[in-house]
Amino acid sequence: MTNDLNAPPSTDGPDPSDLSSKFDCAGDILGAGGELLAHLHRSGLRFLPHAGADAVSQWTQRLAAAAPSPDAETHADTAPSPSAAATDNPPTSPGPAPAATSTPAATSTPAHAEPPARRFSPVPATVVSSAPYPGAPLPVAEIATSLQTLATDVAACTRCKALANCRSQTVFGEGPPQPRFVFFGEAPGAEEDKSGRPFVGAAGQLLTKMIDAIHLKRDDVYLLNTVKCRPPGNRNPAPDEIANCREYFETQLQLLRPEYIVCLGAVSAQALLQSKLSIGRLRQTFHQYHDSKVLAIYHPAYLLRNPDAKRAAWADLQMLMKDAGLNPSS
Ligand code: URA
């Protein structure tokens with residue numbers, strides 16, 4: 001099999017139609033592979049390296065150097081380098097790290113894996129709408145009933161065939177019907193797909209610790225995702241999948257009317273703010289979505305893979321604490 005990315009597809013190896021018979025979601029796996037190859041090609045890669053340890057290390061550096069500009073559309077997984085994040089808007093005081101987090105000093109990233117540091121200028125606040133949420137606020141019992149009705153609609157949704165065919169169940173979201181804070185994630189992962197609850201896997205455990213660290217309780221905040229079905233292989237939700245789910249998450253937010261929406265990662269921030277800016281550009285600013293203040297922070301799954309970015313995430317959470325008056329007694 002050739003490693004030349006410009007070469008026509010190889011006729012060696014398994015026929016994709018054979019894969020379809022083995023995996024229900026083979027089309028999605030092949031699609032994700034295609035997206036990855038297209039990304040590598042756009043990044044300037046023309047030949048795949050042989051996978052020796054040295055070659056992997058060399059190519060890690062070369063790909064990091066060829067990463068898209070900070071304004072390019074990015075996902076939490078491809079967000080700017082943690083070291084750049086830390087230097088983006090350095091907190092005036094680093095503050096204590098959340099309980100589960102380690103400070104950059106405590107985690108050593110091998111020098112060869114360090115992408116180049118970049119700085120980002122702050123962006124002005126994005127105002128999706130400065131008008132109040134449409135309609136009158138409902139009494140709490142009616143909010144709960146309306147959320148339940150919406151969850152039933154979501155559970156029956158088949159707008160995205162690929163997702164509907166692969167999911168075990170939809171993951172609507174959970175929390176009190178009149179929350180002050182909403183944490184808005186990307187899409188369910190494997191654990192969430194199994195349990196039907198948001199943020200119950202490893203990223204969810206870190207998120208729970210981050211919520212504790214800002215003197216809130218997980219049970220007092222509402223957790224929801226941009227997309228209600230697990231994308232196969234945990235790939236990013238596609239733009240048409242986000243568009244199909246927009247009605248659901250926007251109605252959910254309109255019912256909840258939180259004072260603050262914390263977007264976790266680029267997918268939710270870009271979807272809510274209708275922006276293509278990276279999380280590195282969107283963070284450290286309060287944006288506006290109707291009556292809600294919106295803060296974009298790194299996704300906890302990204303923080304698990306890039307512990308150096310925890311300092312930046314902590315600076316963002318401190319900003320939220322200060323604005324919302326959160327303290328140990330609140
Ligand atoms: N990641 C998300 O964005 N949402 C979840 O519910 C779990 C992991």
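Predicted model: local features only at pLDDT ≥ 70, side-chain atom pairs only at ≥ 80, totals over all residues.
Q: Why are helix 5 and helix 9 called roughly antiparallel to each other?
A: Helix 5 (residues 140–155) and helix 9 (residues 239–256) pack at an angle of about 170°, with their axes 10 Å apart. Angles over 145 degrees count as roughly antiparallel, and the two helices are therefore given that description.

Q: What makes the contact of helix 5 with helix 9, by class?
A: Helix 5 contributes Ile143, Ser146, Leu147, Leu150, Asp153 and Val154, while helix 9 contributes Tyr248, Thr251, Gln252, Leu255 and Leu256. By class, this contact has seven nonpolar, three polar and one charged residues.

Q: Why is Glu247 called partly exposed?
A: Glu247, whose place is in helix 9, has a relative accessible area of 45%. Buried means under 20% and exposed means over 50%, with partly exposed in between; Glu247 is therefore partly exposed.

Q: What makes the pairing of the side chains of Glu247 and Arg159 a polar contact?
A: The polar contact that joins these two side chains, Glu247 and Arg159, has a distance of 2.9 Å, and the limit for such a pair of N or O atoms is 3.5 Å.

Q: Why does His299 count as buried?
A: The relative accessibility of His299 is 9%. The term buried requires a value under 20%, so His299 counts as buried. This residue lies in the loop between strand 6 (292–297) and helix 12 (300–305). A polar atom of the His299 side chain lies 2.9 Å from the backbone nitrogen of Ala301.

Q: Which residues surround the ligand?
A: The ligand is surrounded by Gly185, Glu186, Ala187, Glu192, Pro198, Phe199, Asn225 and His299. A nitrogen atom of the ligand lies 3.1 Å from a backbone N or O atom of Ala187. In the side chain of Asn225, an N or O atom is 2.8 Å from a nitrogen atom of the ligand. For His299, an N or O atom of the side chain is 2.8 Å from an oxygen atom of the ligand.

Q: Why is Asn234 called partly exposed?
A: Asn234 has a relative accessible area of 42%. Phi of Asn234 is near 55°, a positive value in a residue other than glycine.

Q: Where is Arg257 found?
A: Arg257 is found in the loop between helix 9 and strand 4 (260–264). Phi of Arg257 is near 45°, which is positive although the residue is other than glycine.

Conventions. Residues numbered from 1 in each chain as written. Heavy atoms only, no water. Axes fitted to C-alpha atoms, helices over the stretch in contact; angles between N-to-C directions. Helix = DSSP H or I, 4+ residues; strand = E, 2+ residues; numbered from the N terminus. Parallel < 35°, antiparallel > 145°, perpendicular 65-115°, else oblique. Contact = heavy atoms within 4.5 Å. Nonpolar A, V, L, I, M, F, W, Y, C, P; charged D, E, K, R; others polar. Buried < 20%, exposed > 50% of the residue type's maximum accessible area, 1.4 Å probe, protein only. Polar contact = N/O pair within 3.5 Å; in protein donor to acceptor, adjacent residues only side chain to side chain. Near = heavy atom within 4 Å.
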